[in-house]
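This briefing goes through a protein structure by topic, for a reader who has the sequence and the coordinates at hand. Please keep both open while reading the points below.

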Amino acid sequence: MHFNYYIPTRLLFGAGKLQELHKQTLPGKKALIVMSGGRSLRANGTLAALEDELAKAGAEYVLYDKITPNPTKSEVMAGAAMAREHGCDFVIGLGGGSSIDAGKAIAVMAANPGDFWDYISGGSGKGKPVPNDPLPIVAITTTAGTGTEADPWMVVTKEETNEKIGFGYDKTYPVLSVIDPALM
């Protein structure tokens, strides 16, 4: 067997690890928190715990809670515009695979021109190289299954053509991932 392995993501694993986020060196001073519009992250205190950790770390944030299951290109583009408008310098994907995938795509588009589909290689994508590094990504998973918290991949749907295509490269690995079983 032969293989190459590359994982530049710092993993914090274990019950209660979210409460240690403030002890980490965050990749910026102002985060765009990307999550779904559902109520569970608010109702169970996960969002409040993250907000508390960011305050302890001296980081500001803006909340983008518009992600649907199977995130769409329009959600990505709106989130990227919000990140730019508010001067966010990193992205936190909070929730399941959809929120973290959307966070990765938003991180790419917050730092790059054009349309997300300009950089997609399959389907109707233009396959252009991504000119600028994405914003750094922090992943805080509340589900188990996709592995997006430890890989560079994201899946986004282009509504106009109903294409659901994966995308990712070495720069879209999260720099930090919190895998806290107490959140799942």
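K104 forms a salt bridge with D151, and the closest N and O atoms of the two side chains are 3.2 Å apart; a salt bridge here is a side-chain nitrogen of Lys or Arg within 4 Å of a carboxyl oxygen of Asp or Glu. Because K104 lies in helix α4 and D151 in the loop between β5 and β6, the pair ties together parts that are 47 residues apart in sequence. The model is a predicted one, in which local features need pLDDT of at least 70 and side-chain atom pairs count only at pLDDT 80 or more, while totals for chains, interfaces and linings use all residues. Residues are numbered from 1 along each chain as its sequence is written, and side-chain values use heavy atoms, with hydrogens and water left out.

**Salt bridges**

- Both K104 and D151 are buried, where buried means under 20% relative accessible area, exposed means over 50%, and partly exposed lies in between (1.4 Å probe, protein chains only).
- The structure holds ten salt bridges, and another of them joins the side chains of E53 and K56 at 3.7 Å, N to O.
- E53 and K56 are separated by about one helical turn, because they stand three residues apart in helix α2 (residues 46–57); E53 counts as buried, at 2% relative accessibility.
- Helices (H or I, at least four residues) and strands (E, at least two) are DSSP runs, numbered from the N terminus.
- K66 and D65 also meet through their side chains in a salt bridge of 3.8 Å, N to O, and D65 is buried at 17% relative accessibility.
- A network of salt bridges links R42, D65 and K66.

**Nonpolar cores**

- The largest nonpolar core has 28 residues, of which L32, V34, Y64, V76, I106, M109 and F116 touch the most other members; such a core is a set of buried Ala, Val, Leu, Ile, Met, Phe, Trp, Tyr and Cys residues joined through side-chain atoms within 4.5 Å.
- Two or more residues of this core come from each of β2 (30–36), β3 (60–67), α3 (73–85), α4 (97–110), β6 (154–158) and β7 (163–167), and α4 gives the most, with seven residues.
- Leaving aside neighbours within four places in sequence, I106 is in contact (heavy atoms within 4.5 Å) with L32, V34, Y64, E75, V76, G79, A80 and V91.
- A second, separate core of 21 residues includes I33, L47, L54 and L183.

**A buried loop residue**

- T142 lies in the loop between β5 (137–141) and β6, and T142 is buried, with a relative accessible area of 15%.
- Not counting residues up to four places away in sequence, T142 touches L41, T46, G95, G96, L183 and M184.

**Aromatic pairs**

- The count comes to four aromatic pairs, under a rule by which rings of Phe, Tyr and Trp (its six-membered ring) pair if their centres lie within 6.5 Å, with planes under 30 degrees apart counted as stacked, over 60 as edge-to-face and the rest as tilted.
- Y6 and Y173 form an edge-to-face pair, at 5.5 Å centre to centre and with 85° between the planes.
- This pair links distant parts of the chain, since Y6 is in the segment before β1 (10–13) and Y173 is in the loop between β7 and β8 (176–179), 167 residues apart.
- Y6 counts as partly exposed at 46% relative accessibility, whereas Y173 is buried, with a relative accessible area of 12%.
- The pair of F167 and Y169 is tilted, because the ring centres are 5.8 Å apart and the planes stand at 55°.
- F167 counts as buried at 10% relative accessibility, and Y169 as partly exposed at 24%.
- Ring pairs link F116, W117, F167 and Y169 into a cluster.

**Positive phi in residues other than glycine**

- N70, in the loop between β3 and α3, has a positive phi near 60° although N70 is a residue other than glycine, and N70 is partly exposed, with a relative accessible area of 41%.
- N162, in the loop between β6 and β7, likewise has a positive phi, of about 60°, and is not a glycine; N162 is exposed, with a relative accessible area of 65%.
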